[in-house]
Amino acid sequence: MTDYFEIHERDSAARVGELRLADSVTTPALVDDVDTATPGDCWHVLDDAGSRWPTTQDDPVGDDSLLTVLPHRGLPAGTPDEVADAFAVDYPDVDFPSAAVVSPDTATDHGSDAYVLAGAPGYVGHASAFVDAVTTVREAIPADTALYLPGVATPRNVATLVYAGVDLVDPDRAVIRGTVGRYLTTDEAYFLEDLDELPCACPACQQPRDEFNREDCVEHNVNALAAELRRVRRRIRDGRLRDYVEGQARQDNWLTATFRRLDQEYGYLEQRTPLIRRADLSAASDDSLRRVEIQRFAERVTDRYVPRFDDRPLVLVPCSARKPYSDSQSHKQYHDAIKWRAHVVSMTSPIGVVPQELELTYPAQHYDSVVTGNWTATEIEFVSRVLERYLEGTDYPEIIAHVPGEGYRDICERVADSLGREFTYTVTDHPTTADSLGYLAAELEGWDRYPKREREHNTIRAVADYQFGEGAGDELFDDLSTQGRYPQLRADDADGEQLAALAQQYGVLSLTTAGARRWVESDVPTKTVEIEPFVPHGSVLAPGITDASDDIRVGDDVVIRGDAAFGVGRAQMSGPEMRSSTRGIAVQMRHTEEL
């Protein structure tokens, strides 16, 4: 059971937490041994009880002001199982803040508050080995415990370490580099003798260059590492760490390889990546296409979403810089030509394709991409694959591509050839010229407008499919009536009882208890949190949870069920984290009914 560590913020595998010592430590943090006189900005809160290799030791007494590393036997990576089993340590059950030393092969729940990865420096420079080690240990230990990597961190690599799931680092590597005259920054390690001036404003650097020595260099390196951790914590709180890592990791080939290798661990990252968030998503490179948010949106659009307007022509249009698309000048011009006579789907990198009903749904209205006018081969390949998968399950009587030539036309022609379907092209020079808009309007002559009621109902059902699963739109909202004006729509049943509301900020549905009961009674798999017999008010804490669905993600609407209460709320942890955590807010309640 974890008594001294709690997570407060999550951004994929990265977390902002609290090590609850006598003086609280905000993680990810820079920590060092209590007896080490390391200069600079560092928490001296570690007490290493030592190795059991040279001698058998008594269990330490411990102290609430320190994190005690329990007596251990570190083993190198690749140690045979029979050897590891023979020298395994039985960690005692203690009542003070403690850390257990583990390897990827021995990691399990030892009842500690933190876990130290043995042999961590050996993984530096080896992307696959590092990612395998961190993800294996992180999956094996309880979610609400801290992962400590000693001897690894520098100002240049610590953002990537935290992005992978590391909570605690020490200054050892930065100190060693400083003692040999290496001046560390977030992008480079300079030989001290090569510096004409000091490119830093930390306290150690507030002196003339010719007076700056290696002892000062050590202090600077520690300060630079601590400052980078402060920057990383801010990025986690903002939900923007991935944006930062994509740029920061390019300062080092190992780091670039590491975050690309992490992207291949889709299950590990997807479980920890929120369904929705306030922050905009910056798509600045081809690496952005591998982000969980991008892949998840494309997967749900092609696997869950049902095109309910495919009895009308499909009009493919380019995206716009302004979000949501319907607020942009270009899309207003397309609308004036189309006049609700066709189904509109926007093509965009990095999202893929965005049906008009999902234009609000994260991340469709939350991304910002680099626009050069030229598509990369990777972007063309990705959007082509998504568009092809989308069209495979549709039966549109006509496909109109109202797109410019830069990349968009290439994608349409590629998909048309692959599917053997005919596309009609209506753009002569630019999509918003009078001639192009005239051709688009003419192509839709003879088609009737579909009514506002149909548009609103199909929007609610499309979001339900995306959010809750295939078939949810029809199952939960079969007798639907809508109130309000888009994008502020309310979904009621035929008797006028509210089932849900469309949350404009995120483009997802917020269920009422009536909507939650429909979900439970339907054939759509329910994301359920089972709780102890109490009535939650405001939030549900992890200790009160007895079970939770595996597929719950941060930001999901979830049903709360117990002997004393039924309700609905928004998840603040993933389902697996709810089950393994003993601290922290698991669900923010929206509606509760006492039974």
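**Labels and their cut-offs**

Modeller: Strand 14 runs parallel to strand 15 (residues 343-348), and five bridges join the two. This is a predicted model, in which local features need pLDDT of at least 70, side-chain atom pairs count only at pLDDT 80 or more, and totals for chains, interfaces and linings use all residues. Residues are numbered from 1 along each chain as its sequence is written, and side-chain values use heavy atoms, with hydrogens and water left out.

Biologist: What makes strand 14 and strand 18 a pair?

Modeller: Two strands pair if DSSP finds at least two bridges between them. Strand 14 and strand 18 (residues 399-401) have three bridges, in the parallel sense, so they meet the definition of a pair. L314 stands opposite I399 in strand 18, while V315 stands opposite V344 in strand 15. Strands here are DSSP runs (E, at least two residues) and helices are runs of H or I (at least four residues), numbered from the N terminus.

Biologist: Why is strand 14 called largely enclosed?

Modeller: Five of the five residues of strand 14 (residues 314-318) are buried, so the rest of the structure largely encloses it. Buried means under 20% relative accessible area, exposed over 50%, and partly exposed in between (1.4 Å probe, protein chains only). L314, L316 and P318 point one way, V315 and V317 the other, and all are buried.

Biologist: Is D287 buried or exposed, and why is R250 called partly exposed?

Modeller: D287 has a relative accessible area of 3%, so it is buried. R250 has 37%, so it counts as partly exposed.

Biologist: Which other salt bridges are there, one of them with E293?

Modeller: E293 forms one with R277, the closest N and O atoms being 2.8 Å apart. E293 lies in helix 9 and R277 in the loop between helix 8 (266-272) and strand 13, so this pair ties together parts 16 residues apart in sequence. Both E293 and R277 are buried. The structure holds 42 salt bridges.

Notes:
Salt bridge = Lys/Arg side-chain N within 4 Å of Asp/Glu carboxyl O.
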